[in-house]
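Here's a quick walk through a structure, with a look at its charged pairs, its ligand and a couple of single residues. Have the model open as you read.

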Amino acid sequence: MINSTMEEEKKKVMPLFTPYNMGNFNLSHRIVLAPLTRTRSYNSVAQPHAALYYSQRTTKGGFLIGEASGVSDTAQGYPNTPGIWTREQVEAWKPIVEAVHEKGGIFFCQLWHAGRVSNYGYQPDGQPPISSTDKALQKEGSSTKYPPPRRLRTDEIPKVVNDFRMAAKNAIDAGFDGVEIHGANGYLLDQFLKDKVNDRDDEYGGSLENRCQFPLDVVKVVVDEIGADKVGVRLSPFADYCGCGDSNPQALAIYMAQSLSELGILYCHVIEPRMCTMFEKRDTNVSLMPMRKAFDGTFIVAGGYNKSEGNNVLDNDGADLVAYGRLFLANPDLPRRFELDAQLNKADKSTFYTSDPVVGYTDYPFLENAS
Ligand SMILES: Cc1cc2nc3c(=O)[nH]c(=O)nc-3n(C[C@H](O)[C@H](O)[C@H](O)COP(=O)(O)O)c2cc1C
């Protein structure tokens, strides 16, 4: 009796530790590993060291979203990011997924196409990268130069849609429990969604509905292939990363949330409007609440969360789950540290995107003497 009262008290102050059923998945807590590109997948193939990295961050009943994984040979835009379009890549993911499952985790694969955030070196035969547009990305303050992309012809779009379908099938073959379609952060799907980039005059450009058409086509085929109960989508309607901004983000957010709801997908995962860059917060009155209300499934928020903010957003019914990026990257045992109110390791930015299989990757310390 006393124990169960204490348990109830803990849940009241710690909504992050209230179990949650996300569709068929029984989650033991609400702390999600956000998708994190770690650039340690040599030749676009996930490596054995990723098994240790992900299993370190696995708890029984915990939900993990894998790093962005390319859906085709035109999808890549960074060094050493994994793919999920070849047999070799699928086989390489299997032991990594197994390591997560062995510890009772639920693991989704994030499906990604970088679109114009790429250059000739990552493309087959040194071709220009593909996009909704032929306007090059101008990235302020970045030494990386991006060439003008090639605007996809209308008749080529179904092939790219199909690449996502095949990649989703491959992810399930690799053992993943589901997929998250990466529609955020300025990559290909976002390049169609947002009117500051999408300058098409065919049925995939112009009106809000037309701009959402290609991303929604992708979601539909993936749902047909693996089932809506295994599909999540990540969006960042309020951000303008990689030059991808929109003149009416709230309308875009609501329209996408409603459309995804109609497709009955498992979850919608959204970057907080306060994240003015991928890593910096600003003050804003813009809330994700209207978007949450427009979506019937599980709602995941991400961006700048610490423990108390995570508890607050759940308490205020602003989300069902909270994804943690940098805190989870630096603290393999983040749920445990939150539970014990323990000190957190600091994330080392300088090793976010290096290629060492250990340093800045699997060498962040666990809490000592944790039983
Ligand atoms: C090293 C690093 C890699 C990232 N890679 C991805 C990625 O592959 N896919 C994605 O959707 N977001 C990616 N992000 C964004 C995170 O998922 C998250 O939205 C962001 O870090 C803000 O959350 P945080 O404040 O909890 O770190 C990355 C962030 C970091 C720090």
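## A buried lysine and its partner

Let's start with K307, which counts as buried because its relative accessibility is 17%. (Buried means under 20% relative accessible area, exposed over 50%, and partly exposed in between, using a 1.4 Å probe and protein chains only.) K307 makes a salt bridge with D341, with 3.0 Å between the closest N and O atoms. K307 sits in helix 9 (residues 307-315) and D341 in the segment after helix 11 (334-340), so the pair ties together parts 34 residues apart in sequence. D341 is exposed, at a relative accessible area of 60%. Helices here are DSSP runs of H or I with at least four residues, strands are runs of E with at least two, and both are numbered from the N terminus.

A word on what you're looking at: this is a predicted model, where local features need pLDDT of at least 70 and side-chain atom pairs count only at pLDDT 80 or more, while totals for chains, interfaces and linings use all residues. Residues are numbered from 1 along each chain as its sequence is written, and side-chain values use heavy atoms, with hydrogens and water left out.

## Other salt bridges

How many salt bridges does a search of the whole structure find? There are 21, each being a side-chain nitrogen of Lys or Arg within 4 Å of a carboxyl oxygen of Asp or Glu. One of them joins the side chains of R87 and D173, at 3.6 Å from N to O. R87 is in helix 3 (residues 87-102) and D173 in helix 4 (residues 157-173), so this pair ties together parts 86 residues apart in sequence. R87 is partly exposed at 47% relative accessibility, and D173 is partly exposed too, at 35%. Both belong to a salt-bridge network that links R87, E91, K94, K169 and D173.

Then there's R200, in a salt bridge with D202 whose closest N and O atoms are 2.8 Å apart. Buried or exposed? Both R200 and D202 are buried.

## Around the ligand

The ligand is surrounded by 20 residues, and the closest are P35, T37, R234, G304 and R326; a residue is near if one of its heavy atoms lies within 4 Å. By type, the shell splits into 11 nonpolar, 7 polar and 2 charged residues. (Ala, Val, Leu, Ile, Met, Phe, Trp, Tyr, Cys and Pro count as nonpolar, Asp, Glu, Lys and Arg as charged, and the others, Gly among them, as polar.)

Look at the backbone for some of the ligand's oxygen contacts. A backbone N or O atom of P35 is 2.8 Å from a ligand oxygen, a polar backbone atom of A68 is 3.2 Å from one, and for G304 a backbone N or O atom lies 2.7 Å from a ligand oxygen. On its own the ligand exposes 610 Å², and the protein buries 97% of that; these areas come from the Shrake-Rupley method with a 1.4 Å probe.

## Two residues to check

H269 is in strand 10 (residues 267-271) and is buried, with 0% relative accessibility. Leaving out residues up to four places away in sequence, H269 touches P35, I65, E180, V233, R234, L235, I300, A302 and A323, where contact means heavy atoms within 4.5 Å. P35 and R234 also turn up among the residues closest to the ligand.

V358 lies in the segment after helix 11 and is partly exposed, at a relative accessible area of 42%. V358 and R40 are 318 residues apart in sequence, with 9.5 Å from C-alpha to C-alpha in space.

Definitions and conventions. A polar contact is a pair of N or O atoms within 3.5 Å; within protein, one must be able to donate a hydrogen and the other to accept it, and residues adjacent in sequence count only if both atoms are side-chain atoms.
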